[in-house]
Amino acid sequence: SENEDGSNASEIELDIVLYKYVKITVEISYGILIADSNDNGVMINETNCQDVLGNGTVSYDPTTNTLTLNNYKYEGAGFVDGGARFGILVPVTLDELTIVLKGENVINVTSSTVARMRMRSFGIYIWETDVVIKGDGSLVVSAIDGAIFSSGEDDSSLEIKSGNIALMSTLCINTKYFKMSGGNLDLRAVGEESRSAYVFEFKTS
């Protein structure tokens, strides 16, 4: 028999289109990187924020922008990002970052694995974000070019509310506004043309 168009009724042409549905999940990152024992910068995200390094030393609460260091110890060359080396890097703008200290914490970014070229190194580098450091623990930061270095065009500030903090670098503190409302701070500027702090204004209230 024949179809109306004259074709053989036994010849059936089928156009089959197969669709494959792929589930895409987007992981939210919080813009903070921290060095692990292998000199990698671990990005803090919604999956790892409760135990960033898997050893109980670093956690982050995104609802309050609170980074807690609990006996966190890093000594090495630092992780590379943008041509420099870091222990902790905050390359995004947050309204305010609170760093809580528990136990004894150490960030030492003074050794180098680069034979031909020395990269700049920073212990904690923060971009256009107000930072508050507090807690009943301690923090020792050593780096060649900056221990706590706040950068950017905004009027960012650093306040130490509590804790025992020791900084050693050619530039221990770099920020626009600095306030010390509690705790203990030991600054040790080392090297040529070193300075303890580069601050536009020391705030008292």
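These legends walk through several close-up views of one predicted protein model.

Residues are numbered from 1 along each chain as its sequence is written, and side-chain values use heavy atoms, with hydrogens and water left out. Because the model is predicted, local features need pLDDT of at least 70 and side-chain atom pairs count only at pLDDT 80 or more, while totals for chains, interfaces and linings use all residues.

**View 1. The whole chain, as a starting point.** Welcome to the protein chain, which has zero helices and 18 strands; both are DSSP runs numbered from the N terminus, helices being H or I with at least four residues and strands E with at least two. Of its 205 residues, 42% count as buried, where buried means under 20% relative accessible area, exposed over 50%, and partly exposed in between (1.4 Å probe, protein chains only). The chain exposes about 11900 Å², with carbon and sulfur atoms supplying 46% of that area; accessible areas come from the Shrake-Rupley method with a 1.4 Å probe, and for residues only the protein chains shown count as cover. Among contacts (heavy atoms within 4.5 Å) between residues at least 6 apart in sequence, 60% join residues at least 24 apart.

**View 2. Leu 69 and the largest nonpolar core.** A nonpolar core is a set of buried Ala, Val, Leu, Ile, Met, Phe, Trp, Tyr and Cys residues joined through side-chain atoms within 4.5 Å. The largest one here has 48 residues, of which Tyr 60, Leu 69 and Leu 97 touch the most other members. Beyond its neighbours within four places in sequence, Leu 69 is in contact with several residues, including Ile 34, Val 58, Ile 88, Ile 99 and Leu 139. In soluble globular proteins, nonpolar side chains tend to be buried together.

**View 3. Thr 66, a buried residue in strand S4.** Look for Thr 66 in strand S4 (residues 66-70). Thr 66 counts as buried because its relative accessibility is 16%. Its side chain joins that of Thr 64 through a polar contact of 2.8 Å. Such a contact is a pair of N or O atoms within 3.5 Å; within protein, one must be able to donate a hydrogen and the other to accept it, and residues adjacent in sequence count only if both atoms are side-chain atoms. Not counting residues up to four places away in sequence, Thr 66 touches Ser 59, Tyr 60, Asp 61, Thr 98 and Val 100.

**View 4. A parallel sheet of five strands.** This open sheet has the order S5-S9-S12-S15-S17. S5 and S17 (184-189) each have a single partner strand, so one side of each is left without a neighbour in the sheet. From one strand to the next, the twist averages 10°, using axes that are lines fitted to C-alpha atoms (for helices over the stretch in contact) and angles from 0 to 180 degrees between N-to-C directions. Two strands pair if DSSP finds at least two bridges between them. Six bridges link S9 and S12 (residues 138-143), and five link S12 to S15 (residues 164-169).

View 5. Glu 75 is found in strand S5, which three bridges join to S9 (residues 104-109). Is Glu 75 buried or exposed? Glu 75 counts as exposed, at 61% relative accessibility. Glu 75 and Asn 38 are 37 residues apart in sequence and 10.0 Å apart in space, C-alpha to C-alpha.
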